[in-house]
Amino acid sequence: MSQDKTQLDDAGAVDPNLPPDPSRRFWVASACAVGGVAGVATAVPFVTSFAPSERAKAAGAPVEVDLTSLAPGEMRTVAWRGKPVWVMHRTPEQIKDLPKNDPLLADPHSDRPGFTPPFAKNEYRSRKPEYLVVVAICTHLGCVPTPHFEVGAQPGLPSSWEGGFLCPCHGSTYDLSGRVFKNVPAPDNLEVPPYAFSADGTKLTIGVDEIKKA
């Protein structure tokens, strides 16, 4: 096999005074490039593994809600464990009118087990009176109710309506605390998920309780 005259001296040894073999430079550069790509390919999954996957969210990873942009009277829907969850910032007037519904409700004090954690067994069904946090699934057959915040008689609603939610499937109604009215198909109040507020009150995390456990 012939030797590259530009790389070897007469004795067959590498001559440091001669320029390097271009083909050798090509393979060295190629090896470095491949190694670099492999390093990046390894690093990217490692970094992204810190972010919760969609599967983890569906399995119950906590969901954070920024409350600073949620004005009084507004409601936001977020997904947690594959369910829609309502986060509503109730107005002082809406809070004041909640007791008016008590005689019309099937479970005004949330005494029935299963849908209301201890921290929400109050008139507001909440950790804070101004915020309602409930799973937006009717306790009858699983339909999603629609908000009806306007006060007064409306189609399918009583004349004494103080605002709340109407299930379009079978007509079950809930007040602005997610409490179910009497004589409707739904048997229970809307479910209250575990959640906690940040120390400064600007964020809400759904899927944790007051001691930060899922």
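**Reading aromatic contacts in a predicted model**

Q: Which residues do ring pairs link into a cluster?
A: In this predicted model, the cluster linked by ring pairs is made up of Phe119, Tyr131, Tyr195 and Phe197.

Q: Where does the charged end of Arg127 sit?
A: The charged end of Arg127 sits over the ring of Phe119, at 3.8 Å from the ring centre, and Arg127 also lies over the face of Tyr195, where the distance to the ring centre is 5.9 Å. Both Phe119 and Tyr195 belong to the ring cluster.

Q: How many aromatic pairs are there, and why is the pair of Trp86 and Phe165 stacked?
A: In general, a pair of aromatic rings is described by the distance of the centres and the angle of the planes. Here the count comes to 6 aromatic pairs. For Trp86 and Phe165 the ring centres are 4.3 Å apart and the planes stand at 15°, so this pair is stacked. Because Trp86 lies in strand 3 (residues 83–89) and Phe165 in strand 6 (residues 164–166), the pair ties together parts that are 79 residues apart in sequence.

Q: Are Trp86 and Phe165 buried or exposed?
A: Trp86 is buried, and Phe165 is buried as well.

Q: In which sense do strand 2 and strand 3 pair?
A: Strand 2 (residues 75–80) pairs with strand 3 in the antiparallel sense, over 6 bridges, and one of the bridge partners is Met88 in strand 3, which faces Met75. The hairpin of these strands has 2 residues between them, and in this hairpin Arg81 takes a positive phi near 55°.

Notes
Residues are numbered from 1 along each chain as its sequence is written. This is a predicted model: local features need pLDDT of at least 70, side-chain atom pairs count only at pLDDT 80 or more; totals for chains, interfaces and linings use all residues. Side-chain values use heavy atoms; hydrogens and water are left out. Rings of Phe, Tyr and Trp (its six-membered ring) pair if their centres lie within 6.5 Å; planes under 30 degrees apart count as stacked, over 60 as edge-to-face and the rest as tilted. Helices (H or I, at least four residues) and strands (E, at least two) are DSSP runs, numbered from the N terminus. Buried means under 20% relative accessible area, exposed over 50%, partly exposed in between (1.4 Å probe, protein chains only). A charge sits over a ring if NZ of Lys or CZ of Arg is within 6 Å of the ring centre and within 35 degrees of the ring normal. Two strands pair if DSSP finds at least two bridges between them.
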